[in-house]
Amino acid sequence: MPKEITVVGGGLAGLVAAIACAEAGARVTLHEAHATFGGRGRATAAPYIAHEGAHVFYADGPHWSWLTSRGLTGPLGRPPLRDAVRMGFLHGGRMRRLPPAGFLRLMAGRGRKAPVDEDFFTWVSRTHGAETARVAANAIGVVTYDADTGRLSAAFVWELLRRVFAPAPPAVRWVIGGWQAVVGRLVDRARELGVRLEPNSRVTELPGGPVIVATELASARVLLGDASLTWESGNCAMLDLAVRRDSRDRFICFDLDGGGFHESYSMQDPTVAPEGESLFQIDMPVRRDEGRTDARRRVEELADLTVPGWRERTTWRRSGFSKGRTGALDLPGYTWRDRPAIDRGDGVFLAGDMVAAPGMRGEISVNSAIKAAEGAVRAAAGKVGAAP
Ligand SMILES: Cc1cc2nc3c(=O)[nH]c(=O)nc-3n(C[C@H](O)[C@H](O)[C@H](O)COP(=O)(O)OP(=O)(O)OC[C@H]3O[C@@H](n4cnc5c(N)ncnc54)[C@H](O)[C@@H]3O)c2cc1C
């Protein structure tokens, strides 16, 4: 008996959901509004492979095991030692090799449990002082893309800090060719499993039968006609910058003053920029009531420190803003379990980076997609069972 499942959206979540359903024996059709797959995992075309959104994976969760066990992550990049040592922390307007001692003391107590109901700034200030709380909140701007991370749930922010700053060796992974390469492998795997992939196919009405809506939450809100489908997310200004290579350029910089972040992508993966050039992305969370011009100026000020003389060396650049597109943020009193539920009833399931699944950013998309696929496969089986 055929088991038909429809997936709406061909980003990371939609592709993972389609593969998981097909692996369970279902017949799957995936509709993607754009001409190409990948959603926020897309990148610009070579020779400058700059991401629309995501860059890195963390190798310490179920999303990574799911991808690696299927050979979907591919070869990994790592920076040569001479580049990796050029990591910096911007604090008090000066570039430093190490974060402040207060931050190191805070992270040394990584076994502590943080409360869900209290905001991060208040929780850390009580034991380590307001300055350390501010520094720690800005340090994790690399993941939250929020100018006031201190207002978020202490438990949520603490978990992110522990994952990014506590493990040795670090769990961060760069895939050669970037996320776009992983998207390519996901598309190939879906095809191998017989998934019908329909690009240029914007869905405007919820189809019948088991359906997984793997769009951004804003699109899911419209498709499901459910105004309650909202959640908190970040807002940041971004500058992708290719320059002629210079040994003074930073590999990574955490902006502990403004919550910004600078990272090279070509040092660990030379395929993303032409020979002799370096590719960076610099992000700056936009402050509440801050105009775009001011946010863009702050991004460029960070670039002045991390890529000295970049204006004279630039070979390619792209500026942009990303609002509500950087994954779920949990406010005090809320955990991932309180986000929009995956199972919406009547055979409708949600997947994406703002729904009720654990992880951070794209991990939420993968984890929710696997859950949604399990539900859709069950619903499809139930439907077959109930047929006359
Ligand atoms: C600046 C930035 C940096 C980031 N860095 C990281 C990182 O380093 N690591 C990480 O894990 N995550 C990161 N993220 C988050 C990550 O990019 C996303 O969580 C992930 O790509 C979301 O995938 P998704 O499939 O859930 O959604 P999307 O990628 O948004 O895919 C949704 C798809 O649905 C399609 N669609 C929408 N409506 C319809 C419709 N009606 N019919 C058909 N198709 C439709 C869209 O075209 C899109 O292709 C970052 C995001 C940003 C913006």
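Here are some notes on the domains, salt bridges and aromatic pairs of this predicted model.

1. Ground rules. This being a predicted model, local features need pLDDT of at least 70 and side-chain atom pairs count only at pLDDT 80 or more, while totals for chains, interfaces and linings use all residues. Residues are numbered from 1 along each chain as its sequence is written, and side-chain values use heavy atoms, with hydrogens and water left out.

2. Domains. The chain splits into domain 1 (4-43 + 61-71 + 179-231 + 329-380) and domain 2 (100-164); the bounds come from an automatic or database domain assignment. Taken over C-alpha atoms, their centres are 30 Å apart.

3. The interface. Here 13 residues of domain 1 touch 16 residues of domain 2 (contact means heavy atoms within 4.5 Å). About 1,100 Å² is buried between the two domains, 66% of it from carbon and sulfur atoms; buried area is the accessible area (1.4 Å probe) that two parts lose on being put together, summed over both. On the domain 1 side, Leu 329, Pro 332 and Met 360 supply 47% of the area buried against domain 2, more than any other three residues.

4. Arg 163. One salt bridge is counted between domain 1 and domain 2 (a side-chain nitrogen of Lys or Arg within 4 Å of a carboxyl oxygen of Asp or Glu). Arg 163 bridges to Glu 363 at 2.7 Å, N to O, and also to Asp 60, at 2.5 Å between the closest N and O atoms. Arg 163 is buried, at 11% relative accessible area, whereas Asp 60 is partly exposed at 38% (buried is under 20%, exposed over 50%, partly exposed in between; 1.4 Å probe, protein chains only).

5. Other salt bridges. The structure has 29 salt bridges. One of them joins Arg 40 and Asp 353 at 2.7 Å, N to O. Both residues sit in loops, so this pair ties together parts that are 313 residues apart in sequence. There's also a network that links Glu 23, Arg 70, Arg 189 and Glu 192.

6. Aromatics. There are eleven aromatic pairs (Phe, Tyr or Trp rings, six-membered for Trp, with centres within 6.5 Å; planes under 30 degrees apart are stacked, over 60 edge-to-face, the rest tilted). Phe 89 and Phe 254 have ring centres 5.5 Å apart and planes at 15°, so they count as stacked. Both are buried. Phe 254 also pairs with Phe 261, at 5.2 Å and 50°, so that pair is tilted. Ring pairs link Phe 89, Phe 103, Phe 165, Phe 254 and Phe 261 into a cluster.

Technical notes:
Helix = DSSP H or I, 4+ residues; strand = E, 2+ residues; numbered from the N terminus.
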